[in-house]
Amino acid sequence: MSFQTGLSGLTAASRNLEVIGHNIANANTTGMKASRAEFAEVYASALGATGGANAGIGVQVAAVTQLFTQGNLKMTGNQLDLAINGAGFFNVNAPDGTPLFTRNGEFKLDKDGFIVTNNGARLQGFNTDALGQRTSAVTSDLTLPTGAVINPRATGVTPTNPLSRGIEISANLDAGAEIQPAPTAPLTADQKRYGTALNAFDAQGNAVAVQLYFVKTAANTWRVVASQDNGATLLAGGGTLNFGGNGTLPVPVPVLTNITIPAATAPATVPSTALNIPVTLADQAGQPTLTQFGSRFGVFALTQDGYAPGELTSIDIAENGVLMARYSNGISRAEGQVALANFRNLQGLQPLNGGFWAQTFASGAPTTGSPQQGGLGLLRQNALEESNVELTQELVNMMVAQRSYQANAQTIRTQDQVLQTLVNMR
């Protein structure tokens, strides 16, 4: 019996050394979680045996568990390196479609624009609108438009942009400006004194130059006209602004009549189709952005909602997982949100090659959500989570395991000597 007891100790100590060696070998593996061998004593079952009469028959390895503590974060500067600070796993789909989970955030872009791991598993995320608001509860492969330019958007109201605010302007009109005759083409030099210009865009992404002129036609009354040729001819649209005695527009602020820019005819190519552009003079809360005060004319903000085609230049991933893509046309828009998953029983996960875990019956189904929600951690871009292996502690554990192995070997040796003594008795 002593031989079997010592042998069980050798087996357990050897298994412990295997676990410690695995930890040491992966001390530099990104996202790796250290393991430990957990032991349990073994007793022989016998009817009528009492606690004081049962000496035990050795030890067994009850389980090899992983320690899901947080690893240190190291900065890398790589845009697609991600680290989870807190609970959760990256949800990825293997090339064969199998769902896997990992803490290793060393992601890359493949030739098709998918965000993938080193072995080709695709990172999963939620669809969002351009502002980063989730539009689906179902995850799918995250992808970036790397193989083609993003489509342009025409300035103004179009079937795909029905809520367009067109040109938005924030400015002050000089209350002391001289009154001018009603504007007609061509505008005089005095009628062009208060004006500004910007580029709008047609459906093909071509820039279309637009000038706006403000002409004071009566006390507290201004006429807004538009032109493409410095006031030589005037575009249809525009409108009249009537300011109150306090120099502000009435609420609700009227939207100026659409400025109509006709499609060009050959040999001209801009614009490719007619544009109808509203001029919005109120902010999102409905408050006026155009004033008439006794100070110089000045334009504080001038924007329009169209843009040219653009190519991907960089990406930013926020702590909540929203992936913002920046394009060469100056546009930034969300292209999805990284999804994280968590489990009720982390010890029930099945570890796999490559730093992955798989769901099992013991782990339960994953709970999927956005970073910083439902107890999930936050994301750090340009960073990776290091292994949580404490190398010094593992070296100490290895020495203890070695002593345990030697002690169990000595138990077998001693029992062998006892038996040899009995055999030699005469």
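This is a predicted model: local features need pLDDT of at least 70, side-chain atom pairs count only at pLDDT 80 or more; totals for chains, interfaces and linings use all residues.

Q: Why is the pair of phenylalanine 68 and tryptophan 357 called tilted?
A: The ring centres are 5.5 Å apart, and rings pair if their centres lie within 6.5 Å. The planes make 50°. Under 30 degrees would be stacked and over 60 edge-to-face, so the pair is tilted. It is one of nine aromatic pairs found in the whole structure.

Q: What makes this a link between distant parts of the chain?
A: Phenylalanine 68 sits in the loop between β2 (58-66) and β3 (73-75). Tryptophan 357 belongs to strand β25 (residues 356-358).

Q: Why is phenylalanine 68 called partly exposed, and why does tryptophan 357 count as buried?
A: Phenylalanine 68 has a relative accessible area of 23%. Buried means under 20% and exposed over 50%, so phenylalanine 68 falls in between. Tryptophan 357 has 3%, so it is buried.

Q: Why is the pair of tyrosine 194 and tryptophan 222 called edge-to-face?
A: The ring centres lie 5.8 Å apart, within the 6.5 Å limit. The planes are at 75°, which is over 60, so the label is edge-to-face. Tyrosine 194 lies in the loop between β11 (167-174) and β12 (195-201), and tryptophan 222 in strand β14 (residues 221-227), so the pair ties together parts 28 residues apart in sequence. Both residues are buried.

Q: How do you know that the charged end of arginine 122 sits over the ring of phenylalanine 114?
A: The charged end is 3.6 Å from the ring centre, and the distance limit is 6 Å. The angle to the ring normal must also be within 35 degrees. Arginine 134 likewise lies over the face of phenylalanine 126, at 3.8 Å from the ring centre.

Q: Which residues touch the most other members of the largest nonpolar core?
A: They are Phe214, Trp222, Leu241, Ile261, Leu281 and Leu290, out of 30 residues. Elements giving two or more residues to this core include β13 (207-218), β16 (256-261) and β17 (275-280). Leucine 241 touches Trp222, Leu281 and Leu290, among others. A second, separate core has 26 residues, including Leu100 and Phe107.

Q: Why is alanine 218 called partly exposed?
A: Alanine 218 is in strand β13. Its relative accessible area is 29%, which lies between 20% and 50%, so it is partly exposed.

How values were computed: Residues are numbered from 1 along each chain as its sequence is written. Side-chain values use heavy atoms; hydrogens and water are left out. Rings of Phe, Tyr and Trp (its six-membered ring) pair if their centres lie within 6.5 Å; planes under 30 degrees apart count as stacked, over 60 as edge-to-face and the rest as tilted. Helices (H or I, at least four residues) and strands (E, at least two) are DSSP runs, numbered from the N terminus. Buried means under 20% relative accessible area, exposed over 50%, partly exposed in between (1.4 Å probe, protein chains only). A nonpolar core is a set of buried Ala, Val, Leu, Ile, Met, Phe, Trp, Tyr and Cys residues joined through side-chain atoms within 4.5 Å. Contact means heavy atoms within 4.5 Å. Lists of a residue's contacts leave out its neighbours within four places in sequence.
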